[in-house]
Each structure stands twice: as structure tokens, then as C-alpha cells.
Amino acid sequence: MKAPRITIAGVQSGVGKTTISIGIMGALKRKGYRVQGFKIGPDFIDPSYHTMITGIPSRNLDSWMLKKQRIKELFALAMRNSDIAVIEGVMGLFDGFSGLDDTGSTIQITRLLRIPIILIVDVWGMARSAAAIVLGYKKMAGNIPMAVILNRVGGKTHAQWTIDAIKEITGIQVVGVIPWNQEIKLPERHLGLIPAIETKPTETLNMIVDFISQHVDLDKIIELAKSAPEIPDIQPFKEKEKKVKIAIALDEAFNFYYKDGLETLERLGAEIIPFSPLHDKKLPDNINGLYIGGGFPEMFAKQLEENQSIQTAIKKYAEDEIPILAECGGLMYLTKYIFDFHKRKYKMIGLLDADTIMTKKLHLNYTLAETIRTNPITPKNTKIKGHEFHYSEIINIPYDIKMIYRMKIGEGIANKMDGWLEHSTVASYMHIHLASNIKIPMKFINSSKKFVHS
């Protein structure tokens, strides 16, 4: 399979990867390309902007949560109906799980999938010195094809000096010069960017595409993307007959899901039915399971509190033993109350006899857990890789609750334990990529098959 592809990598975080990636995706779409966006690492928010600008669901490539062969398969499957891939990196090009190797980094995915690199260099306050940075990245990257985009350039002279130095010292081509522009900015809050589903920033995205299109050489970027070698074709996953209906909480408050994870559920026999805890008054009819992912329930706590009918319905389904998977924001929604950043108190479902408070401390980790108790979602004695990303804590926890995950890496809910088991509900701070281990979605589906509608 011929799959033109390019990685947008940064020398560090904060150099403009997301804005430039969005701009290039939009520019390629305007030229008539079917653009498949990807994000390296455990990120739900940046892909929401990729999806909005391309019209095609963006996907994650994560070498901590997914095995190498699985990454290759998912990438190839995603590219079957696309013309070109734009892959946004994570942090700096070589940053990942540790300082000792490339695990979880942009360079690891780039090497695995043999993707040419466009390196984003923020050159504010430097000119010739930028060549030293690029030279170091070139040497560490080895023989991977590379080009450079300069960001926050002060003017024509600044640009020319920097281009000349990079060309002389490294031989690498500069394919974009982005002037400093305060107007090009995406909305942010405590976990980074605000998900596109909330703000729907069409005007801002169009401005970004216009601006980036004017300052990059799109033809050279396409040429570099087309230089990527062919990848093996992958036979489509043989889908099973739809045997269960799993409702997915999907709205402004809950939207943190991996697209490949949801599609894995579908391929294994689940019909995915979205609903909104914010706007719907009842759950979809005849469902067998429920998935409440992460998001920002703290930002919509008042509206969630006011929608008592859906809260009552979810709690009744839980007490009737319908299998429920709740992650991070979903965990918070199942507690009795959420106390927001201003200490205001909002009533939630109350299935879990505890409260949620928002804090100033960021919990950000890859996670590794071992399942120590039989449950409806994950097989016992299974090692699970995921991640946690939140500014909240669960407090007033009873001493006798059942936890199913022992955390080897990560914090969990409390005392290095995660996965609160209540009835047939598993609620955790850990986000699981359902495509990482087929046994997990299969267990969820098989447990859901047993649920009998009352």
C-alpha cells in the first residue's frame, strides 16, 4: 500500500505543533486530499481539532499502550480510504516514557512506520543558533528524511539568516517560515486545549489554515510525504455479528475516547449508540452495556446536576447489574458530588459512595496495572497499560470498597489502587485503549450479553 505520510515533530513542547499540523491538514484538504490525522501519545483533545478540520476521525498512535504490530495494523487500516497522513508528534521528538530510551516518543513511531519528519523549531530570539539545534536532531534521528519549519520568525532578515545557517551546517531544507502572530491561538484551560466539540472554532480554524498555507511550501511537504516507502497491506478485521448494544456518553462533557478503541468494540460485535448525559432525558432503548469516558464534567457540573432523569436512569441500570465502564470523568460523574475549582458543590449520580474535588495538582502518568479481582470488564491476572490525566481527587472513600486494579505505574484512585467495582460497574482514573488488548473489549461484550433488559 502506498501511503504518503509526514510527521510534524517539535524540538520541544509549545513550539506550535498542533497549530501547524491543523494548518497543513486543512491546506491539504483544500487541495482535494483525503487527509487522515493522527496524534502520537495519549491525547484526546488535539485529535478533536484534526477531526474537525479534515472531516475524518483522527486516531492515536501510542507505543506504550499498543504493541508494535498492532500500531502497524491500525495505521494501515486507517489509510485504506485516505490519500495522505499527517501525524502530530508528542512533546519533543525524542521525549517519551523515560530519558533512557525512545519508548512512547515521536521518534519511535516515526521509525516504526518509516515516516519522514518535519521538525518545528521556535526560532524566537535566535538565528544561526537554530542550526546547532537542527544538527543535533538530525544526528539523533539518523537516516530518517527531515525538513524544517521555522516558527515565530521576526522578519525577512531573521528568516534568511536562519535558513542560510541551517542549509550551510546541516543541509536540511526549510519548507516553512511562520511569522509571529498573536491572533492565531486556540482556546485553552487546565488540561490544555478546550476540545473542539465544545467550542466549534470554525472561524479560528479557517484563519489558521489561511495563515499556515501562506507560509509553508505545501508542494515540498507533499513531495516529502510521498517519499515514504510503501507499507504492507492489511486485511480488514473480519467483523462479528452485532450481538450487543453499548451506549456511549458523548457530548461536550464526555468525549475522551480512542477512535480505534470504539471501532474494536464494533468489530467484535458491539453496536455503539451515543447519548448525552447533558441533553438527553433517558438512555437509549434496549442497551446491554454503558461506557462513560473521560472529559470535563467539572465544567458542566451544573447542567449535569440539573439533568436528574438521566442520572436516575444510569443509577438504576447500574443497580440492575448492566456492565458499565467509567473512566476518569465518568468516574467523577458516578460519585455523589463534584466540588469544582471554586469549591461549589454539584450533585452527581451517587452510585459510588464518595465525592470528587478539583485540585491544582496535575496527575499525568502512563499506567501499568494488574487485575486482581474478577470483574465484568477485564480478565483477572491481566496486565493493563493505559494512562491517567486529571486535576481531581476522589475523597471520603469508604474503607471496604472493592478495587480491581493494583497499580504498578500510576496513582489510581487511592493507595496505588484503581478500578472501583460496584455492582457490574468498573470506574477508574485509568484510561484504557480498548484496541491494546482484545481480551478486554471481548470481556466487556461477553458480560454485556448476559444483561437481561428489565
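Analyst: Let's begin with Lys416, which is partly exposed, with a relative accessible area of 38%. Please keep in mind that this is a predicted model.

User: Which residue does Lys416 meet in a salt bridge?

Analyst: Side chains of opposite charge can pair when their charged atoms come close. Here the N to O distance is 3.5 Å, and the cut-off is 4 Å.

User: Is Lys220 buried, partly exposed or exposed?

Analyst: Lys220 forms a salt bridge with Asp217, and their closest N and O atoms are 3.8 Å apart. Asp217 has a relative accessible area of 28%. Lys220 has a relative accessibility of 33%, and the middle class lies between 20% and 50%, so Lys220 is partly exposed.

User: Are Lys39 and Asp46 buried or exposed?

Analyst: These two form a salt bridge, with the closest N and O atoms 3.2 Å apart. Asp46 is also among the residues nearest the centre of the largest pocket. As for the class of Lys39 and Asp46, both are buried.

User: How many salt bridges does the count come to?

Analyst: The pairs Lys39–Asp46 and Lys220–Asp217 are examples. There is also a network linking Arg59, Lys259, Asp260, Glu263 and Arg267. The count comes to 20 salt bridges.

User: What is the volume of the largest pocket?

Analyst: The largest pocket is lined by 46 residues, with Ser13, Gly14, Lys17 and Thr18 among those nearest its centre. By class, 22 of the lining residues are nonpolar, 15 polar and 9 charged. The volume is about 1400 Å³.

User: Which residues lie nearest the centre of the second largest pocket?

Analyst: The second largest pocket has a volume of about 560 Å³, and its lining has 14 nonpolar, 5 polar and 5 charged residues. Elements that each supply at least two lining residues include α2 (45-54) and α10 (259-267). Of the 24 lining residues, those nearest the centre are Leu250, Asn255, Tyr257, Lys259 and Leu262.

Technical notes
Residues numbered from 1 in each chain as written. Predicted model: local features only at pLDDT ≥ 70, side-chain atom pairs only at ≥ 80, totals over all residues. Heavy atoms only, no water. Salt bridge = Lys/Arg side-chain N within 4 Å of Asp/Glu carboxyl O. Buried < 20%, exposed > 50% of the residue type's maximum accessible area, 1.4 Å probe, protein only. 1 Å grid on protein atoms, 1.4 Å probe; cavity = no way out; pocket = protein on both sides within 12 Å on 5 of 7 lines; lining within 4 Å. Points joined across faces, edges and corners; volume = space filled by probe spheres on them. Nonpolar A, V, L, I, M, F, W, Y, C, P; charged D, E, K, R; others polar. Helix = DSSP H or I, 4+ residues; strand = E, 2+ residues; numbered from the N terminus.
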